[in-house]
Amino acid sequence: HPLRELDTVLTTCRACPRLVAWREETARVRRRAFADQDYWARPVPGFGPPDAALVIVGLAPAAHGGNRTGRMFTGDPSGDALYAALHSLGLASRPTATHRGDGLELSGVRITAPVHCAPPDNRPTTTERDTCRPWLARELALLRPTLRAIVVLGAFGWQALLPVLAGDGWLLPRPRPAFGHGAEAWAAAPDGGHRIPLLGCYHPSRRNMSTRTLTPAMLRQVLARGARLAGL
Ligand code: SF4
């Protein structure tokens with residue numbers, strides 16, 4: 001499938017010098033808990049079937065999460081919350097995601113991010129965001145035939161996503177919809193065909209979850225709505 005080919009090519013990208021240095025430095029230093037593990041230390045591709053109806057857009061891999069395991073949202077608290085919610089909705093085969101060989105499979109859902117390499121402090125620069133944009137654009141263009149809904153985790157992903165959709169010819173509301181938890185905006189496909197909802201959800205970061213800015217119930221609620229609108 002062309003999306004599998006894209007994923008493979010993505011893993012060789014070295015376009016952002018700061019992020020290339022950080023992803024490799026993180027792997028060299030490691031965390032004590034993961035000292036015996038081989039870090040992925042490369043761009044992390046989207047995870048899930050190439051004919052997904054629901055796409056989840058995050059921010060970027062975490063240094064000791066996705067950058068370690070090679071899979072989006074795996075091996076960190078954000079992933080724990082996300083995969084537990086997806087499993088409870090019947091969209092993930094297991095409630096936990098530990099490493100790339102754990103057998104976890106998603107049904108009808110693909111998880112990706114606008115920045116594919118782990119950034120220091122989880123903060124990519126706008127230049128890095130824009131440099132990585134073509135990867136998300138190509139991924140979403142390949143998913144377009146089956147795409148029926150997008151859930152965006154956090155304002156960074158929302159702001160990165162809108163230009164990608166507009167650049168691919170999707171018609172978006174004007175003025176551009178603002179991000180918020182529970183935000184909902186509809187985009188019309190370039191061919192004048194179907195419309196899809198964009199649903200905003202706070203990012204399940206450690207901070208948002210520990211302060212209960214985002215609770216597991218809130219996360220599950222948005223994902224459930226996305227799944228329903230995607231026909232899953
Ligand atoms: Fe390439 Fe994106 Fe990683 Fe930059 S963040 S090096 S564009 S994969």
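Visitor: What should helix 5 span, at 1.5 Å a residue?
Guide: This is a predicted model. Helix 5 covers residues 126-143, so its 18 residues should span 26 Å at 1.5 Å a residue. The C-alpha atoms at its ends are 25 Å apart, which agrees.

Visitor: Where does helix 5 bend?
Guide: At Cys132, by about 35°. A proline, Pro134, follows within four residues.

Visitor: And which residues of helix 5 are buried?
Guide: Glu128, Arg129, Cys132, Trp135, Leu136, Glu139, Leu140 and Leu143. An α-helix has 3.6 residues a turn, so residues three or four places apart point the same way.

Visitor: What covers those buried residues of helix 5?
Guide: The cover includes helix 1 (2-10), helix 2 (17-29) and helix 6 (155-167). Strand 1 (54-57) and strand 2 (109-112) are part of it too.

Visitor: Switching to the ligand. How many residues surround it, and which are closest?
Guide: 15 residues surround the ligand. The closest are Cys13, Cys16, Pro43, Cys117 and Cys132. Cys132 is also where helix 5 bends.

Visitor: Which helix gives the most to that shell?
Guide: Helix 5, with four residues. Helix 2 and helix 5 each supply at least two.

Visitor: What's the shell like by class?
Guide: Eleven nonpolar, two polar and two charged residues.

Visitor: Now Pro45. Where is it?
Guide: Pro45 is in the loop between helix 2 and strand 1.

Visitor: Buried or exposed?
Guide: Pro45 has 22 other C-beta atoms within 10 Å. The cut-off for buried is 20 or more, so Pro45 is buried.

Visitor: What does Pro45 touch, beyond its neighbours in sequence?
Guide: Leaving aside neighbours within four places, Pro45 is in contact with Asp7, Leu10, Thr11 and His116. Glu24 is 21 residues away along the chain, and the two C-alpha atoms are separated by 17 Å.

Visitor: And Ala85, which helix is that in?
Guide: Helix 4, residues 77-88. Ala85 counts as buried, because it has 22 C-beta neighbours inside 10 Å.

Visitor: What is Ala85 in contact with?
Guide: Pro216, Leu219, Arg220 and Leu223, leaving aside neighbours within four places in sequence.

Visitor: Last thing. What are the scores for the model?
Guide: ipTM is 0.99 and pTM is 0.96. The protein averages a pLDDT of 95, and 100% of the residues score at least 70.

Methods:
Residues numbered from 1 in each chain as written. Predicted model: local features only at pLDDT ≥ 70, side-chain atom pairs only at ≥ 80, totals over all residues. Expected span 1.5 Å × (residues − 1). Bend = angle between axes of the 7 residues up to and from the residue. Buried ≥ 20, exposed ≤ 12 C-beta atoms within 10 Å, placed from the backbone. Contact = placed C-beta atoms within 7 Å. Near = placed C-beta within 6 Å. Nonpolar A, V, L, I, M, F, W, Y, C, P; charged D, E, K, R; others polar. pLDDT = per-residue confidence, 0-100.
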